[in-house]
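Welcome, and please open your viewer. We will go from one selection to the next and look at what sits at each stop.

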Amino acid sequence: MHSTVLSLLIVTLSLFVTLSLGDILLRDGAGSTTLSDNSPEAWPAPNATGGNAWKDAFSRAQAFVAQMTLEEKVNLITGHDGRCVGNTGAVERLGVPALCLEDGPAGVRPVLGVSQFPAGQAVAATWDRDLIYQRGHAMGQEFFDQGVNIALSPVTGGPLGRSPRGGRNFEGFFDDAYATGEAAYATVKGMQDAGVLTTAKHYVGYEQETFRNPYSVLDVIDPINIQAPISSNIDNKALHELYLWGFAEAVRAGTGYVMCSYNEVNETHACANAYTQNNILKGELNFQGGIMSDWGGVWSDTEFINGGLDIAMPGVAFLGIFGLWWGDGLIPYVESGVVSESRVDDAAIRLLTPWIFSGQADNPPPAVTFNVDPVYITDDVYWRDVRKVETMALIRQIGEDSATLLKNVLAIIGTDAGSGWAIPPTIVTPYEAINYRARRMNSQVYAVFNDTAYDVIAYTVAESMADVAIVFVSAYTMEGVDRATLYLDHDEELLIETVAAVCNNTIVVIHAGGPVLVEAWIDNPHVTAVVAAHFPGQESGDAIANVLFGDVSPSGKLPYTIGRSLDDYPPNTISDDPVLNPQANFTESTLIDYRWFSAHNITPRFEFGYGLSYSTFAYNNISVRSVYEADNSTIQKTNEPFEDSDGSNSLYDIIAEVTAQVTNTGNVTASEAAQLYATFPDSPGIWLRGFDKLKALSPGETRTATFALRRKDLSLWSTERQLWYITEGEIQLQVGASSAKLYMTSSWSS
Ligand code: NOJ
């Protein structure tokens, strides 16, 4: 596959062609410039320095690499078959083991003996930084205890949720840059505090599954390996203000690794994109760890390592189904000078530095990993149970606190719960939890586990004279496939109608990995309550039962917008034209999700940030003041350029603070996620710039929501000047309960 003279010539030639085409500046409709992919300034890849945080580890890594032969170095940075999904090369002579890489992002995968955590989108719906951190920490602990060095997790903004039908949106957090950044920071910190190293993924602009990676796929376009992955064509402003934000936070939190994505960015493979990898990630964000390819994201040897990729995965493993890249195949390119040896050294140093910094070099995780997925089994299957009782409680709590009440005409659902329930199939756990609780109340529970047995369902609900019917519906979504529509699975709209026709107290619980269109049934007066329960993980049943029976007031809020139709959303074409070079033009620029709705005055059904409670809240007394608090949260400093940088200040200094009083005006203890949105003079639409989850407010209690605004939160990106700047004039700041319920307005100017 490589190392022939012919392929060497071809690769060199294509590198040359890319260079000569690269320095074009494109203008998009909004007037901002798009620096195209591989511009000449994007080479060479910046060498690591260790940054401010990893200096000692960097020196040790340098010393290791200085003792290695070229063969050992290329072996180290290449994936091999082994006990895990990814395995780096060992240099046993120097005591460097093969590092084990396993998937996330909702728990260690694919192994037994671990917890199934709530999906990223579910923990996002809690709007609770503490819970997000705790989830990261508990999950990180399980990775470490299962013998994993590097978790392939979390998803920190690729996808960000540009396409509401995107198959993997549920793996990430919010359809918003700022909030995703907050969750990315907390998750990376939580996981790495527990000892495992993280991989922030997928970098960058990975927003659809369709045509994400046609490598070796025959049936899309014949012959094999002819069709390129979808190209995400992103302008420079959207790249900075949206798609990079979460990665900047992951870097600040000290993520050891970043995984580049399958897609192309502005017509260059993400994993060979010298602009996004060398200039932006290693330059602007000053990332000091290793960039690792997604499995099948590498299409050639030299362009990828020269474009900034440090670790090729799965490298020479998986019987070559994704090609056989790097390893010894790199050596002739180094010998001929196409790839400099210093680039290989830097890649090896970037791989080793975080590993040393994490402490794993001296205190490795226990060697117990095991692959239980037959695809990956190479040896005996080992596993052990690393779950903890407190983790079960945490997962249940996240399930409770992420439950998002969309509609409620009952005071508290379930206090008057009586003798009949209808539960559709596949979700057994809620049935078990509800059945258990109802029987203790001397209630009867009937269940039907077939979505389309309409006659049986109607008969069961009617004949049991059910006081309440709970309908569990879903919109299944998974890696590799985008959702065909925004509707429910198996015509469950009809299921809801069938039940509501015979029960005037029908509660709908939705398990979905993104927005579901509800227009057909949401206004049905017999549908008395609707809960978006997201993908809450293994404790799903107990969590939803605790909410439905009124033990806990729901306090989840939507991490995305539910429109009235797919047409309400910005252009988000899941491009599926069977062409050689499929293109996704991000013409909406920064206007994704609620930003599009707000900029175009479109009223959604349920807006971003929306969620009801069993209580009510009043918002009062907004106050805005300039403050100065030097950045104390950055672990690894970025180099992001900003106006008025004087070398000692930081883009992450806190320069303003907004407060507001929130009072629980209802009758039950409940939590409220207060939100802050900014409107900038130079930018359409509103921007989420703060949130504060006020937990367990007693009836009548007033508490202060506090929003600390960092210089970056009050800045926009100037494409012309290539820096973050604070706009002239007043920035409007609004506080409220959601992106549409902004009760109070104030402003700030520099
Ligand atoms: C492909 C997925 O895109 C990525 O998220 C995952 O980590 C790798 N496969 C390894 O399984």
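Begin by selecting Q636, which lies in the loop between β17 and β18. Helices (H or I, at least four residues) and strands (E, at least two) are DSSP runs, numbered from the N terminus. Before going further, note that this is a predicted model, in which local features need pLDDT of at least 70 and side-chain atom pairs count only at pLDDT 80 or more, while totals for chains, interfaces and linings use all residues. Residues are numbered from 1 along each chain as its sequence is written, and side-chain values use heavy atoms, with hydrogens and water left out.

Is Q636 buried or exposed? Q636 is buried, because its relative accessible area is 2% (buried means under 20%, exposed over 50%, partly exposed in between, with a 1.4 Å probe and protein chains only). Now show what surrounds Q636: leaving out residues up to four places away in sequence, Q636 touches G50, G51, N52, A53, W54, V251, R252, G254 and Q288 (contact means heavy atoms within 4.5 Å).

β17, β18 and β21 form an open sheet of 3 strands in the order β17-β18-β21, with antiparallel pairing (two strands pair if DSSP finds at least two bridges between them). At the edges are β17 (617–629) and β21 (702–710), each pairing on one side only. From one strand to the next, the twist averages 20 degrees. Zoom in on β18 (residues 654–664), joined to antiparallel β21 by 9 bridges.

Then move to another open sheet, where 3 strands follow the order β3-β4-β5 with mixed pairing. Its edge strands are β3 (86–87) and β5 (150–152). Here β4 (residues 100–103) runs parallel to β5, and 3 bridges join them. Which residue in β5 is the bridge partner of D103? Select L152 to see that partner.

For the last stop, display helix α5 (residues 129–145) and helix α6 (residues 177–193), which pack at an angle of about 40 degrees with their axes 7 Å apart (axes are lines fitted to C-alpha atoms, for helices over the stretch in contact, and angles run from 0 to 180 degrees between N-to-C directions). The residues making this contact include I132, Y133 and F143 of α5 and Y178, A186 and M191 of α6.
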